[in-house]
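Q: I have a two-chain model open and want to go through it piece by piece. Can you take my questions as they come?

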Amino acid sequence: MYCVRCGVELAEKEGFCPLCGTKAYDPDEVAKLLSECEGKERQPAPERATVRYIKNRYVAIVRFCIFMSMLILVIVNLSVNGGLNWSLYPLSVLALLWFCMIFPVKYSHRFHPVILVSACVGAASLFLIAIDLLTGFGRWSLIALYSAAYACLAVSLPLLAKKLNAKHIITILAACAGLYLFALDFEVGFKGWSLYAACGIVLLWCFAMLPLYLNKSYSALISFIVDTLAIALFLYLVLMVNGAEDKFFSLALPIALSACLPAILTCGVSKAARFSVYGILSLSSLSAAIASLLINLFINLNLKAQAFLNQWSIITASCCLFVAAFLFATEKSKKIKEYLNKKLNI
Amino acid sequence: MDKANRTWMRLDNMANLFPAIERFSAAPIYRVQAELDRKVESQILKEALDMCLKRFPYFKVRLKKGLFWAYLESNRKPAVVWPDGPYPCAGMDYRANNHYLFRLRCRENAVALEALHALTDGGGSMVFLKTLVAQYLRLCGEKIEPDKGLGVWDIDEEPDEEEFADSFLKYYNKDIKSLGIKSPAYHFRGTRHRQDVASVICGQMSGRQVAETARNYGLSVTEYLVAVYVRALLNVQGRTKNRRPVRVSVPVNLRNFFPSKSMRNFTNFILCEADPRLGSYRFEDIAAQVHHTMRRGLIKNNLIKSFSGNVNSEKNFLVRALPLGLKTVILSLIYHFKGENQYSGSLSNLGVVKLPPDMERFVESFSCYLAPNTVNPTNCGAVCYKDKLVVSFTRTVRESHIEREFFSFLVKQGVKVKVKSGS
């Protein structure tokens, strides 16, 4: 049996065509009815108006409106004051508006959106500088220019620099942020606050980005050492700016070393002993316990307190020691290790 | 998993996605079915299954949840053989199925293996089914020699370590980033059946006849079927407003391109597209477009590119650090926008199935079915055995417009098609 609408042969049990629901017919009628069904091809839908047409219409309307506004302003200023004076301000606003409303739309197919937006931001900055010059150059427009330049760089660099790795882009942006802050500080009369910010950026870069640039096998060890140096430098700078250099060797450096040296030792020992992740975490907990006790000890010595240790460091250290003991037991017990491995997908 | 004293194993790169997107009404299930020359006895089939599972320990597993990822754990409970129901690829009741990720069903003379994609792909399922059927026939008294080249494995052999491996990790390129999102594709909308039900329409035709017709257009059989499917979807969409691109997802068995013994997922997809907004297409245009898309997609480097992004995403520290619950939500969103939303339907062609000569006479036909997903209510599977090409459409809607366009076009092309409803 065949379906007269679809032309397919139907399995013996099919009383109706499963494709169209038509009742099964005798095969002799198929050819005649199939030919009736053919020739009913659908007409393609008419093409819609093109984007270019809409764009051109928009550009023409905006251009006409702005041109008419400019013309009216010029005529009024000339007829009332006999020359161009106050109308220069609204005219420059309209010129900026012209550029920002027409340029991105008209050249959207030719330039990357980032370039279009950057051009508009650049035009706005130039406009602000022009206003600043007209009102007797108060240098405030330069701050706007720096901010606009940095904002454009921050947006355009990741989108345009396709060949650059993400880590390089972040490094360049961090360096530019530091320079931008220095420039701002100089513009408002150098007060030194940009040094804090710049050193903070360097410190964050050392923490987050440096390991990505280092050789994988020793990255943790080297980055811990560099982090320690960066922290020490940052602390020294903060104390120096505040006129308290003497506290650096008595308090800041010992605290920094108390936190960092156990971490460096953990890295070295776990690498040498070839510990798994549980062994490394166990050593890290042990380091945290030692660090908390040492930090508390140095603070108390500096404050000349009666007790060497306070309650907080003892509680912290005991918790860390408990975790370290559990993790060390896990490192040594195959059964617990396997259970945790599958639950944590290690 | 006795081979390496494993009690658990990680999900492979592709399988990581499937537990996140699984719904009872639209589970990512794959069904391969063999029809024998005799009535299938479920008791003997159960015996054969237990024997086969010793050779395929990576299928004797259950899905468990870890803190960061789901994983597969060795399953000590016995596997179950189910009587086949009217609807293939229905959602799995894990508790009733003793937590197995596959379901073996039998009906009259048919044996069907329905496997969750988290377990394996079509290639792996087919090897398991062939070996199982061979063992069943042996238990029925037939003498069948194993032939690993033809997918009938020796069940007394020890499993190879490489069969457990995730081959994506072996061949991916760590410099390739995740691929971008394409615009949403056309999705057929129809009147939904009640939940967990997928109805089936199968078309049987001569493989040789289809191959000859395909050759007239300079296409392979898969390319030809994909082109017909794209045309069917274009024609069905032609009746609606707001037209969108039609894309058909074509799974590619990567074992044919990269040496791999893995029995886990090792498949990727090529999207064949036709955009009706650019104007109407003749079939020759669609055929040329599909042909070139497939040829380009099957270049080894492009295949590496297509799956490397997924592997790199899995290896990303931030992704790994997310807890499983959060990961499930994010993965289901990613799958929606980067997966099912980007294509209008899938066509999986398992190709020509061959069996050892002493087994061939006992098996009459093979067929394969893909479960429809929540966005695309129709999917298509094809397999050819002894010159009988079976193209099966599964759908979760009442309307069968796509199937009708597909099969009636084949008839117009001079291919004799025999259609039946149900598996």
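Q: How many residues of chain B are in contact with chain A?

A: 25 residues of chain B are in contact with 17 residues of chain A, where contact means that the C-beta atoms of two residues, placed from the backbone, lie within 7 Å. This is a predicted model, so local features need pLDDT of at least 70 and side-chain atom pairs count only at pLDDT 80 or more, while totals for chains, interfaces and linings use all residues. Residues are numbered from 1 along each chain as its sequence is written, and chains are lettered from A and ligands numbered from 1 in the order in which they are written.

Q: Which elements give two or more residues to the side of chain B that touches chain A?

A: Strand E1 (8-10), helix H12 (401-412) and strand E15 (418-421) of chain B. The largest share, six residues, comes from H12(B). Helices (H or I, at least four residues) and strands (E, at least two) are DSSP runs, numbered from the N terminus.

Q: And by class?

A: That side of chain B has ten nonpolar, eight polar and seven charged residues. Ala, Val, Leu, Ile, Met, Phe, Trp, Tyr, Cys and Pro count as nonpolar, Asp, Glu, Lys and Arg as charged, and the others, Gly among them, as polar.

Q: OK, whole chains now. What does the secondary structure of chain A come to?

A: 13 helices and one strand. Along the sequence the pattern is β-α-α-α-α-α-α-α-α-α-α-α-α-α.

Q: And chain B?

A: Chain B has twelve helices and 15 strands.

Q: How much of each chain counts as buried?

A: In chain A, 14% of the 346 residues count as buried; in chain B, the figure is 49% of 423 residues. A residue is buried if 20 or more other C-beta atoms lie within 10 Å of its own, exposed if 12 or fewer, and partly exposed in between, with C-beta atoms placed from the backbone.

Q: What about contacts between residues at least 24 apart?

A: Taking contacts between residues at least 6 apart in sequence, 51% of those in chain A join residues at least 24 apart. For chain B the value is 76%.

Q: Which residues touch the most other members in the largest nonpolar core?

A: Val8(A), Leu116(B), Val226(B), Tyr229(B) and Val230(B), out of 135 residues in that core. Helix H6 (residues 221-237) of chain B gives the most to this core, with twelve residues. A nonpolar core is a set of buried Ala, Val, Leu, Ile, Met, Phe, Trp, Tyr and Cys residues joined through C-beta atoms within 7 Å.

Q: What does Leu116(B) touch?

A: Not counting residues up to four places away in sequence, Leu116(B) touches Phe18(B), Ala27(B), Pro28(B), Ile29(B), Met92(B), Leu101(B) and Phe102(B).

Q: Switching to helix packing. At what angle do H5(B) and H6(B) pack?

A: About 80°, with the axes of H5(B) (residues 207-216) and H6(B) 9 Å apart. Axes are lines fitted to C-alpha atoms, for helices over the stretch in contact, and angles run from 0 to 180 degrees between N-to-C directions. That makes H5(B) roughly perpendicular to H6(B). Angles under 35 degrees count as roughly parallel, over 145 as roughly antiparallel, 65 to 115 as roughly perpendicular and the rest as oblique.

Q: How do H7(A) and H9(A) cross?

A: Helix H7 (residues 193-208) and helix H9 (residues 219-241) of chain A have axes that come within 9 Å and cross at roughly 170°. H7(A) is therefore roughly antiparallel to H9(A). The residues of this contact divide into 14 nonpolar, no polar and one charged.

Q: How far apart are Leu350(B) and Cys368(B)?

A: They are 18 residues apart in sequence and 7.9 Å apart in space, C-alpha to C-alpha.
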